[in-house]
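Dear colleague,

I am passing on to you the structure below, together with a short account of its disulfides. Please look through it before reading on.

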Amino acid sequence: MGSWQGQQRARRAWCAWSLLSLGLAGCGKDGAEPPSPTPLPPQTFTIGGTVSGLVGSLTLLNNGGDARTVAADGGFTFPTALAAGTAYAISVQAQPADQNCVVSAGTGTVTAAVTGITVSCETVRASATIGTSGGTLLGPDGVQVEIPAGALTQDTLIGIARSGTDAPPAPTANLGAARVYEFTPHDLVFEAPVLIRMPVPAGATEPAALFAGVGADWMEVDALIEDGVAVIERNTFSWGGIYACAYLPGDPDLDPGGCVNPRGTLTLSATPANGLTTVAGAATPRRHRLTAAGTVHFTFSYHVAASCTNGTVRLRRTSVQDNGQTVQPLQILGEQPAPMLINNVAPPGRAADGSVMFNVPVSETDDGRWYYQAQLLCTHRTG
């Protein structure tokens with residue numbers, strides 16, 4: 001009996017050891033772990049948007065690389081998709097020479113396909129070669145120069161551009177420029193008047209057309225303003241702009257009388273009187289023809305803010321070449337103090353008037369074509 005029980009215990013022990021051995025064997029050969037599953041690739045998304053107003057070719061960058069060139073308005077997508085969580089930053093690498101392109105909604109972090117980037121392009125300058133038969137150049141914002149036949153003596157590259165830092169500053173802090181435009185070649189003198197059209201901003205208060213030449217500041221010129229457009233007739237140009245009152249609080253030059261734009265008129269007479277004739281046309285500056293030696297009398301009449309003090313007037317000139325272009329810089333012929341008489345008409349007490357005459361002898365050595373410019377210099381209370 002005892003012997004049988006011992007045999008049973010031995011048999012059970014052997015079975016347990018056998019099961020344990022089988023269990024260990026099930027862990028793999030030599031105890032190695034099973035292979036891990038292959039990880040899935042990260043999810044990627046495309047980056048893109050739309051371009052509008054493009055005339056020419058535009059190259060965009062994403063994060064400083066991954067260039068994408070666009071040649072027409074519409075949608076665009078960068079070549080390389082980005083993984084979720086990756087930052088993107090869109091910039092303009094190259095744009096058409098006559099346009100300015102601005103990126104909006106161009107930065108962020110990828111969470112899905114990016115489609116809301118916008119690139120808006122607008123024309124900031126235009127140019128065309130116009131010859132003796134005349135022509136019309138349409139520039140940024142609808143600015144237009146209409147050149148009649150005979151106004152140019154040869155093919156000339158005419159340009160219109162939104163002006164940068166080269167334009168003269170506003171004559172006073174009271175005036176705000178809607179936009180200033182640069183007309184080239186600077187101080188080009190036309191054989192016949194040209195028409196310049198500039199848009200007037202909606203709601204502009206007392207808008208006025210101001211023009212300036214090389215080395216000279218702004219002065220108001222005659223303009224016909226109708227239906228949001230100012231039409232100006234000129235014999236020469238450099239910079240032009242539409243200015244409006246800014247109405248600075250507490251400014252005695254403005255409140256409530258309105259802006260005092262600087263204005264000036266240069267008129268000519270001569271001795272002998274019959275030696276000088278005025279060329280037909282109401283364009284400014286006026287054109288004159290001198291046919292006899294003698295003395296030319298230049299009278300400069302001006303209207304400025306009353307706070308324009310310590311004024312002086314300079315008379316300057318430069319020769320005009322056969323192609324209508326002037327020689328720079330201008331020569332100073334004379335300088336005189338500028339008398340100021342307070343004007344109590346419009347606006348009362350906020351403007352001053354005056355005039356100065358220069359007598360310039362003319363001899364045979366001065367034969368040729370000349371461009372004269374009167375310049376009023378003063379210290380304005382607002383700078």
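Cys308 and Cys378 form a disulfide, with 1.5 Å between their sulfur atoms; a disulfide is taken here as a pair of cysteine sulfur atoms within 2.5 Å. The model is a predicted one, in which local features need pLDDT of at least 70 and side-chain atom pairs count only at pLDDT 80 or more, while totals for chains, interfaces and linings use all residues. Residues are numbered from 1 along each chain as its sequence is written, and side-chain values use heavy atoms, with hydrogens and water left out.

The link of Cys308 and Cys378 is left-handed, with -105° about the S-S bond. This pair joins distant parts of the chain, 70 residues apart: Cys308 lies in the loop between β25 (294-305) and β26 (309-319), and Cys378 in strand β30 (residues 370-379). Strands are DSSP runs (E, at least two residues), numbered from the N terminus. Cys308 has a relative accessible area of 5% and is therefore buried, whereas Cys378, at 33%, counts as partly exposed. Buried means under 20% relative accessible area, exposed over 50%, and partly exposed in between (1.4 Å probe, protein chains only).

By the distance rule, the count comes to 2 disulfides. Cys101 and Cys121 also form one, their sulfur atoms 2.1 Å apart. The torsion about the S-S bond of Cys101 and Cys121 is about 110°, so this disulfide is right-handed. Cys101 belongs to strand β8 (residues 99-104) and Cys121 to strand β10 (residues 114-123), distant parts of the chain 20 residues apart. Both Cys101 and Cys121 are buried.

With kind regards

Note on methods
Helices (H or I, at least four residues) and strands (E, at least two) are DSSP runs, numbered from the N terminus.
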